[in-house]
2 protein chains.
Amino acid sequence: MKLTILGCHSATPRTNTNPTSQVLEIKNHMFLIDCGEGTQVELRRNRVKFSRIKHIFISHLHGDHYFGLIGLVNTFSLLTRETELHIYGPEGLKEVILLQMKLSGGWTKYPLVFHELSSKVSELIFEDDKVEVYTIPLKHRIYTNGFLFKEKKNERKLDINLVNEANIDTAYFRKLKQGYDVVNEDGVLIANEKVTKDPILAKSYAYCSDTVYNEEMIPIIKDATVLYHESTFLDKNESLCIPTKHSTAKHAATIAKKANVETLILGHYSTRYSGYNEFKAEAKTIFDNVLLAKDGKTFNFD
Amino acid sequence: MKLTILGCHSATPRTNTNPTSQVLEIKNHMFLIDCGEGTQVELRRNRVKFSRIKHIFISHLHGDHYFGLIGLVNTFSLLTRETELHIYGPEGLKEVILLQMKLSGGWTKYPLVFHELSSKVSELIFEDDKVEVYTIPLKHRIYTNGFLFKEKKNERKLDINLVNEANIDTAYFRKLKQGYDVVNEDGVLIANEKVTKDPILAKSYAYCSDTVYNEEMIPIIKDATVLYHESTFLDKNESLCIPTKHSTAKHAATIAKKANVETLILGHYSTRYSGYNEFKAEAKTIFDNVLLAKDGKTFNFD
């Protein structure tokens with residue numbers, strides 16, 4: 001599991017900071033999460049192959065999270081993409097994109113599929129044999145979802161020497177990987193754990209931006225491998241959290257602790273700050289394993 | 001008169017090329033012409049003060065000419081702008097901007113005035129005591145206008161020594177500047193040209209992008225000081241001009257010659273080319289005074 005931060009700042013794009021966008025590589029998928037203005041250029045800068053992006057998740061319809069989407073959709077067309085593109089986001093997003101395409105006098109040559117979201121409870125919005133994606137309802141000024149990306153449970157690993165010694169027919173290997181005991185060629189029941197090893201633990205990534213402090217998300221993100229939680233403000237500006245519906249680094253850390261996640265990544269910094277070490281310091285008073293998002297930075301969780 | 005090229009490439013923004021946007025400084029106005037994705041960042045990079053932009057002109061609704069507009073309108077709001085903003089562009093632009101503002105749950109705190117264009121003949125769309133702006137109907141795949149920015153005729157300059165010698169009351173200075181003969185304190189009629197000098201010639205800037213070769217624009221842009229004419233293609237790709245409704249460098253030069261402009265600037269280069277000297281060379285076979293647009297370049301016409 002690999003996370004590349006294309007942008008992690010709130011509000012307006014500037015020469016030295018990008019608005020929100022991330023690429024999550026998980027089980028061979030390349031999911032684009034949010035798409036602020038300039039995302040297509042940041043994708044190029046970070047050498048992300050456009051054709052590998054098949055699913056885009058938009059948290060909410062504030063500009064710093066989606067103004068780059070129409071440009072990307074349009075560029076895919078100009079580059080004669082043929083691969084299907086799925087866009088998950090709040091109701092209204094489809095209308096915005098289709099209106100602009102209509103006015104430009106052209107449509108995508110590739111299939112463009114919108115999955116508009118309006119539920120106020122967590123729902124499964126994507127699933128294949130390797131990964132599931134759930135919404136995480138957040139509390140912001142407008143309708144907003146975070147997203148939980150979960151690897152499905154991995155298969156057990158065969159110890160091929162022990163399997164051969166136990167005289168098990170290859171026809172039973174699939175059952176063994178799934179955790180079942182099997183009968184060998186001599187009619188003897190072989191206990192699964194005698195010939196297999198524990199699978200690699202399934203990883204998960206919870207993306208929570210933008211939101212005010214909100215404990216309702218905790219059951220959904222419980223035990224996640226990685227939590228990205230917005231921390232727009234430092235403690236000294238906490239009074240801004242309620243009117244703007246944002247969080248501090250300490251709020252993010254409190255959620256990380258209560259949800260028992262392994263790692264917390266902070267981001268969505270207000271552009272009023274110039275350095276971000278204080279965010280880390282404040283979060284670490286509550287939760288130890290804290291990382292700072294940075295434009296262009298890749299985190300590897302393998 | 002000063003022109004700053006924020007971007008001069010067609011199609012998609014890339015790490016090394018920007019889509020179309022320009023700032024024209026003329027008679028203390030700062031007009032923004034077109035607004036491709038990333039324009040707000042390029043404005044900052046080129047140190048253009050946001051508050052000085054009061055008029056934005058959008059040629060047409062292809063993404064490389066306006067996808068950065070919603071971000072700029074939104075950023076002006078976040079920066080608590082109060083100054084009126086006027087946007088001139090094709091019908092439909094207002095709907096796109098207002099829809100996105102509605103979905104974001106907020107409106108601009110400053111007055112935002114749309115001037116939607118639909119005429120197929122040139123019309124005066126802006127005028128004050130110093131400058132006039134006219135549309136230049138272009139021929140592209142969708143409804144498109146270029147824009148002609150014209151300084152109004154400048155006043156004649158008083159030669160203050162000669163005026164004093166001629167014994168003319170200061171009350172008549174205004175008349176003199178306007179070109180009239182006046183009667184002096186001794187009751188003698190003084191010929192205007194005896195005490196004044198010719199004014200600085202009024203300048204004009206014609207912006208023509210995007211368009212196929214189109215002689216109908218010639219009467220409108222006749223004798224312009226500067227013509228920016230798109231040259232998407234080189235001669236070897238001329239066959240692409242008709243289907244895409246674009247021009248070659250030679251087309252641009254032919255228009256410049258027939259319209260008797262002083263200077264031609266080429267731009268809106270297709271991203272298929274990596275260098276642009278050939279554009280200049282091809283244009284110069286027809287018209288001599290050719291400049292190449294370049295992202296971040298400023299041309300001074302004083």
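Predicted model: local features only at pLDDT ≥ 70, side-chain atom pairs only at ≥ 80, totals over all residues.
Me: How many residues of helix α3 of chain A are buried?
Reply: Helix α3 of chain A spans residues 69–78 and is mostly covered. Its buried residues include A:Leu69, A:Ile70, A:Val73 and A:Phe76, and also A:Gly71 and A:Ser77. Of the 10 residues in the helix, the buried number is eight.

Me: Which residue just after α3(A) takes a positive phi?
Reply: Helix α3 of chain A ends at residue 78. Just after α3(A), a phi of about 55° is found at A:Thr80.

Me: How many bridges join strand β8 of chain B to β9(B)?
Reply: Strand β8 covers residues 131–138 of chain B, and β9 covers residues 144–151. A hairpin of five residues connects the two strands, which run antiparallel. One pair in this arrangement is B:Tyr134 with B:Leu148. The number of bridges between β8(B) and β9(B) is eight.

Me: Which residue in β14(B) stands opposite B:Lys150?
Reply: Strand β9 of chain B also pairs with β14(B), residues 204–208, through four bridges. These two strands run antiparallel. In β14(B), the residue opposite B:Lys150 is B:Ser204.

Me: How far apart do the centres of the positive and negative side chains of chain A lie?
Reply: Chain A carries 39 positive side chains and 38 negative ones. The distance between the centres of the two sets is 4 Å.

Notes:
Residues numbered from 1 in each chain as written. Chains lettered and ligands numbered in written order. Heavy atoms only, no water. Lys, Arg positive; Asp, Glu negative; His and termini not counted. Charge placed at Lys NZ, Arg CZ, Asp CG, Glu CD. Buried < 20%, exposed > 50% of the residue type's maximum accessible area, 1.4 Å probe, protein only. Pairing = 2+ DSSP bridges.
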